[in-house]
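User: Please take me through the aromatic contacts of this model, with the criteria behind each term.

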Amino acid sequence: DLNPSSINPVYLDIDSKGSDYQMNLSASYTAPLTKSIKLSFNLNNNLDKSTVNKYAFDHILDYQDILNSAAYSNFSLKNSAVVRLLYKVKDFDLSIGLSADDMRDQRRESIPLTLEENKHYSHISPLLNLTYSSALIYLKLYYSEKQSIPDIKSLRAYVDNTNLMHLRAGNPSLRQSISRDFNLLATLVLPKIESNISLSSRASFVSDYITSRLFYFTSDTTLPDYNYTFPEGSDLRIPVNIDGKWDWTCSLSASKRFGRINSTLGTTFTYKRSNTPYYKQDVLYNSLSSIYVASFMANCAFSSRLSFNLNANYEKGNSYDNSLQTISSDNANALASLTYYPWKCLQTRVNASCTYLKYSKSFPANFYSNLAASVFYSFGKKDEFSIGFSADNLLNDSYSYSLKIDQDKITNSQNFNQGRYFTLSFR
């Protein structure tokens, strides 16, 4: 379509109207079987119905622009039932059960073709929640499953042929993704030395993970599902299901309180590993990443007037796929805050932060910082009013850097932010 409004939409007058109706019903019942055993039932019903009508008028050609006008109606109904067996004795809690989900999606759209999609999804999953809690030990084991249904737009058998050689479409055969999550948390409290140690682990496995795939046509090909003939040399990108996505995270943390100086110090070490399958054009790859994170925090209240807080993190990551393309990253940041009350109603604070970023040998290292200060005066019978003055970016460091890594591209952004500025506030 090459009419002037399609090339330059500024000439279009678009009026959108719609409605949205939602309803949520739930019921629960717990029946005691014995002194320590109970049976729990939960029912949930969620209804969502919406309509949108978009009317576009072309002021140049003086008629309704059909390609930019559309009408949508969507009906979604989700029913879920959960039954659990609850067991509790002293410091021990156990919950096991089943969850059944049933979901129906109906969508009708005119764009300007009239398309209808009706999908039905159901899933039954086990539930497990085990907790042990005492004065010195806390232990929690949790397992759950969750289904993620595809966007109804991803299901429609409609070919977007805006570019006749690079086409896009939905996939009517797309299935829902199922995520299976395992969680473990263990904490040991050491009251004699005012310390605690925690270990946590989480693993997630996704089946029928949804990603996109590109198909090439070496000759004119007709696909009955789309009722469309794809010309020779064209390509089609559609969403597809694939297995093999997983991630695992493990953390070890420790903290200690120093009562004499009213301070707490803590540190955390985290390891993350994940695998994400994806298609680069029509070739299957697996992106495997490993991330190491070390964190440190300090909260010090030296007196009722003076306090100091520090949070620092260092992260090192590596990502590579079976094409042997490797991306490494180093990221360090720290934030320090010093607060002082010369008088009860007067607060002064200084914040300082710095960040270091380095992504592989192909990108230069970046460092930027920020220094800010503020003064607040509170007044009123209950100090309900305050007036304050703050200065931000005192070093006038207006440069920032960011890098986003996607499956098939790397976006490197360099930005110039607002420089040094001052704020006067009242509340």
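**Aromatic pairs and charges over rings**

Analyst: This is a predicted model, in which local features need pLDDT of at least 70 and side-chain atom pairs count only at pLDDT 80 or more, while totals for chains, interfaces and linings use all residues. Residues are numbered from 1 along each chain as its sequence is written, and side-chain values use heavy atoms, with hydrogens and water left out.

User: How many aromatic pairs does the structure hold?

Analyst: Rings of Phe, Tyr and Trp (its six-membered ring) pair if their centres lie within 6.5 Å; planes under 30 degrees apart count as stacked, over 60 as edge-to-face and the rest as tilted. The number of aromatic pairs in the structure is 13.

User: Is the pair of Y87 and F92 stacked or edge-to-face?

Analyst: Buried means under 20% relative accessible area, exposed over 50% and partly exposed in between, with a 1.4 Å probe and protein chains only; Y87, at 31%, is partly exposed, and F92, at 27%, is partly exposed too. Their ring centres are 6.2 Å apart and their planes lie at 65 degrees, so the pair is edge-to-face.

User: What is the arrangement of the rings of Y278 and Y285?

Analyst: Y278 is buried, with a relative accessible area of 2%, and Y285 counts as buried at 15%. Because the ring centres of Y278 and Y285 are 5.8 Å apart and the planes are at 20 degrees, the pair is stacked.

User: Which residue lies over the face of Y285?

Analyst: A charge sits over a ring if NZ of Lys or CZ of Arg is within 6 Å of the ring centre and within 35 degrees of the ring normal. At 5.1 Å from the ring centre of Y285, the residue is K280.
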